[in-house]
Amino acid sequence: MRRYRRVAFLLLAPSLVLVALFVYGFILWTGWLSLTNQNDLFVPHVRFVGLANYLRLFHHPRFLIDLKNTLTFSLIFIPGSLVLGLVGALLLNTGVRGEGFFRTVFLMPMALSFIVTGVAWRWLMNPSSGLNLLFSALGLGFLKSGWYTDPAVGIKAVALAAVWQLSGYTMALYLAGLRAIPPVFYEAAEVDGASPWQAFRYITLPLLTPVTLSAVIVLGHISLKIFDLVIAIAGISGGPAFSSDVPALFMFVTTFQANRFAQGAAISIVLLVLVSFLVIPYLYWSLRREVAE
Amino acid sequence: MKLGKWSAGILLGFALAGLALAQGGKLEIFSWWTTGGEAAGLFKLFELYKQKHPGVEIINAAVAGGAGSNAKAVLKTRMLGGDPPDSFQVHMGHELIDTWVTTGFMEPLDQLYKEYGWEKVFPKGVLALLKWNGHYWSVPANIHRANVLWYNKAIFEKYGLKPPKTFDEFFAIAEKLKKDGIIPLALGDNGIWASTHLFETVLIGTLGPEGYKGLWTGQTDWRGPGVKKALETFARMLDYVNPDHAARSWDQANDLIIQGKAAMYIHGDWVNADYLAKKFSGYGWAPAPGNYGVYDALSDTFGLPKKAPHRQEAIWWLELVGSKEGQEAFNPLKGSICARTDCDPKLFNPYLQWAMQQWKTDTIVPSLAHGAAAKESWLAAINDTMSLFVTNKNVAQAQNMLAQACVDAGVCTR
Amino acid sequence: MRRRPLFWFFVYLALSLLAVFYLVPIYVLVVNALKDYREVSVEAMWRLPEHLSLASFAKAWFGDPGTGMTGLGQNFMNSVKLVVPAVFLSVLLGSINGYVLAQWRFRGSETLFFLLLFGMFIPYQSILIPLVKVLMALHLYGTIPGLVLTHVVYGIPITTLIFRNYYAQIPRELVDAAQIDGAAVMGVYRYVILPLSAPGTVVAVIWQFTQIWNDFLFGVVITNKPDVQPITVALNNLAGSFIVEWNVQMAGALLAALPTLLVYVLMGRYFIRGLLAGSVKG
């Protein structure tokens with residue numbers, strides 16, 4: 001048996017080596033880079049500069065805006081996707097006829113690239129066309145907006161497109177969660193004379209809590225990493241006054257256009273730390289729970 | 001990126017491979033001229049080249065998109081990977097010098113300058129921008145002017161206006177037009193460089209040509225009163241621009257002039273080509289306010305990479321690019337003037353004839369927004385500053401960021 | 001529970017409103033992409049085309065030599081050349097890893113699994129700079145094989161997860177029985193696991209296909225020559241240039257979306273399973 005396990009380990013080895021190098025090795029490399037002065041295409045004397053790149057970052061107006069934008073984005077994107085997902089899942093779970101059709105439609109955006117979504121929404125949110133035209137025609141002129149071209153809206157417009165694209169994900173999660181609730185629970189509640197609202201409030205919602213938690217973690221880490229959609233809607237400059245800019249885009253431009261590699265590395269390490277705070281406890285918890293079962 | 005040691009080995013390997021391929025009689029020209037008059041001009045040069053060197057096969061390695069940013073990214077990989085084209089388009093000044101010359105990727109061209117007497121036909125201001133460490137590194141194909149005020153003639157006639165020579169005159173006119181519901185100044189900065197472009201004309205107008213040039217050498221203080229004044233003037237100007245400027249591109253801003261919705265537009269002279277293409281003739285031009293006697297120049301140049309696979313063919317190309325014949329063929333199509341001062345004005349449209357006249361007498365300064373004045377990373381930092389400033393108009397914050405950018409660029413100490 | 005007609009009325013109303021929300025962007029893409037050039041105008045964005053025309057699709061695919069615009073056709077093919085080997089290799093590795101982690105747990109295997117999974121969540125920005133340097137050193141930078149390698153490596157965590165969860169359902173007795181018959185580790189994989197792998201493999205293939213086809217970040221960083229770029233990157237360049245009419249951009253977006261949409265519509269069930277697997281606890 002022990003020999004078998006050794007063979008089994010050998011089978012894992014290629015993947016382990018690749019991930020060790022390309023994930024953990026590269027992260028260490030990036031971490032080191034972020035502590036040096038390599039902020040140009042060619043730096044004759046590479047020096048260790050401590051946390052200088054990080055200190056600069058937290059005094060950089062653009063980065064502070066980016067962090068604020070990330071927060072704004074999450075506050076629209078996460079609750080928006082949760083609510084829309086839950087509503088959609090509850091509706092689909094009523095046993096309505098045509099469920100398959102509606103489900104297919106609701107989840108379709110998930111199959112699209114952010115860039116495709118971006119092309120569609122950039123035109124929908126163009127100030128002189130798209131939604132604004134529709135609002136005018138429907139007598140809803142007060143809803144008209146400059147969308148991503150208005151510095152006061154910016155990232156909120158991007159978040160709207162993100163809700164469109166990813167609420168199908170929470171819907172799928174909730175639907176699976178709802179289907180996993182044994183019908184006897186509801187039967188018992190009905191026998192006890194509970195109203196549908198009480199059944200929802202005291203059975204459905206509590207049993208969906210783990211699903212909500214998973215969704216929040218996954219959506220939260222998407223909020224931190226969002227990049228493609230911003231480029232596709234607001235363009236590479238992140239919109240007027242960086243109103244749609246996010247850390248991932250700032251990192252991209254800093255690194256690959258301005259050649260400030262150490263600075264770009266610092267941004268990405270900050271991102272990594274933020275994502276880790278979210279994901280590591282969650283992964284740990286999931287695997288623990290699995291072992292316990 | 002520190003590519004130092006191992007890339008040197010790779011470069012050597014490619015150089016040897018390049019030698020073996022060099023007899024083919026080929027010429028690979030890299031540019032981002034893929035559309036309209038630019039492409040037409042490039043093809044015209046190819047045609048002339050083929051007449052002179054019929055045996056050489058020309059490979060057009062043009063890369064489209066992003067106003068040259070795609071092309072620059074491709075070029076970066078090719079150069080670092082030891083696979084340079086025979087010659088490539090690059091903006092005159094720091095875009096070339098800091099990226100490729102100081103790093104040892106280019107061959108000096110002093111021999112060509114001597115042989116063809118180019119030191120006598122290119123203006124001194126241009127020669128200074130082409131020179132680094134006592135050598136010449138590229139050949140300018142054309143000159144564009146950045147600091148031009150374009151205006152709608154009908155509006156100016158209706159209100160009996162003359163192009164403003166100073167900022168005070170500009171603001172007087174702007175106030176008058178604004179009261180009447182006309183957009184005084186058009187701006188289209190969905191590419192933020194357009195704001196930087198406008199700001200550079202304000203810097204020139206405020207600091208004067210010498211003060212402006214000093215910004216790039218550390219002689220003019222970024223924290224000083226001059227830059228502060230320029231930012232204040234620029235902020236005031238922004239009160240008179242179209243509110244949807246962030247949604248418009250430079251040519252969409254120009255449409256406001258064509259439609260008679262806006263009166264003035266401070267932008268580069270590719271605007272002229274846009275008017276001609278859109279068959280609009282009701283426009284006039286003058287130097288931007290405060291910019292009289294100063295020619296804010298940018299230029300597309302071609303250089304010779306050290307590892308060019310077809311060195312002789314590339315040298316023939318550079319000879320053509322710098323020649324009177326080449327420049328006279330290329331520039332009327334491209335919508336720019338010759339870098340040489342001896343081109344025949346009759347070949348050019350009225351605006352370009354005016355520009356050629358000024359070219360001979362004005363003080364030449366390098367354009368910031370178009371790569372001549374500062375290296376790419378410095379320009380990127382200034383663009384960032386502008387992106388914030390056009391919305392929040394926070395002078396102190398912007399001045400601080402500009403000063404920091406100069407320090408980061410290694411030019412200033414505080 | 002019996003429900004009143006009014007209940008169903010509101011359910012259908014709500015479902016229809018949601019459907020409109022999800023279909024509006026698709027509607028705009030399709031309607032405008034099908035319009036003739038003469039019909040295209042910003043004001044008429046919502047109107048149905050009077051004459052159906054495929055001219056925008058043709059222009060998006062073939063480009064327009066007159067204005068120097070390159071078509072998306074070659075980039076579509078680049079994406080195909082990228083996706084096929086990348087999906088094959090990452091699914092193969094995931095299957096092997098999943099098998100070992102599900103059926104041959106050893107001390108520390110859970111920790112290794114945790115470390116693998118973390119690779120799925122990292123912001124790729126934190127590995128981009130070294131990645132570019134290493135690919136340059138390997139002469140793979142700017143090439144499709146370089147992009148294949150990248151997607152294979154960073155696809156390992158999710159494919160491993162999908163297969164591990166899937167193989168965990170295979171009863172241990174089957175494995176034990178095969179061992180008694182003399183099959184070793186590879187033998188069990190070959191004769192027991194592989195024949196049962198079809199559903200899990202479909203999930204993994206569809207998931208990876210969608211992810212890699214839709215990727216933008218790796219594409220834009222690793223391939224910068226337009227003739228090597230995958231379709232998402234080329235589409236973004238097309239959409240970013242103001243020379244290209246917007247109905248052509250929309251036709252381009254549909255071309256880029258077509259393969260994944262097709263797979264989704266035909267095999268949506270498996271796609272959703274992959275989706276759920278991504279939240280770790282399937």
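The following numbered points comment on the predicted model and its chain interfaces.

1. Conventions. Residues are numbered from 1 along each chain as its sequence is written, and chains are lettered from A and ligands numbered from 1 in the order in which they are written. Because the model is predicted, local features need pLDDT of at least 70 and side-chain atom pairs count only at pLDDT 80 or more, whereas totals for chains, interfaces and linings use all residues; side-chain values use heavy atoms, with hydrogens and water left out.

2. Confidence in chain C. The mean pLDDT (the predictor's confidence in each residue, from 0 to 100) of chain C is 88, and 95% of its residues reach 70 or more. Confidence in chain C is highest in helix H3 (residues 73-103), at 95, and lowest in strand S2 (residues 69-70), at a mean of 76. Helices (H or I, at least four residues) and strands (E, at least two) are DSSP runs, numbered from the N terminus.

3. Interface of chains C and A. Contact (heavy atoms within 4.5 Å) involves 93 residues of chain C and 95 residues of chain A. The two chains bury about 8,700 Å² between them, of which 79% is on carbon and sulfur atoms; buried area is the accessible area (1.4 Å probe) that two parts lose on being put together, summed over both.

4. Helix H1 (residues 5-33) of chain C gives the largest share of the side of chain C that touches chain A, namely 17 residues.

5. Interface of chains A and B. Here 26 residues come from chain A and 21 residues from chain B. About 2,000 Å² is buried between these chains, 62% of it on carbon and sulfur atoms. Four salt bridges are found across the interface; Arg62(A) and Asp384(B) meet in a salt bridge through their side chains (2.9 Å, N to O).

6. Sheet in chain B. Three strands form an open sheet with mixed pairing, in the order S7-S12-S14; two strands pair if DSSP finds at least two bridges between them. Strand S7 (144-145) and strand S14 (363-366) of chain B are the edge strands, each pairing on one side only. Strand S12 (residues 294-298) of chain B runs parallel to S14(B), joined by four bridges, and Ala297(B) stands opposite Pro366(B) in S14(B).
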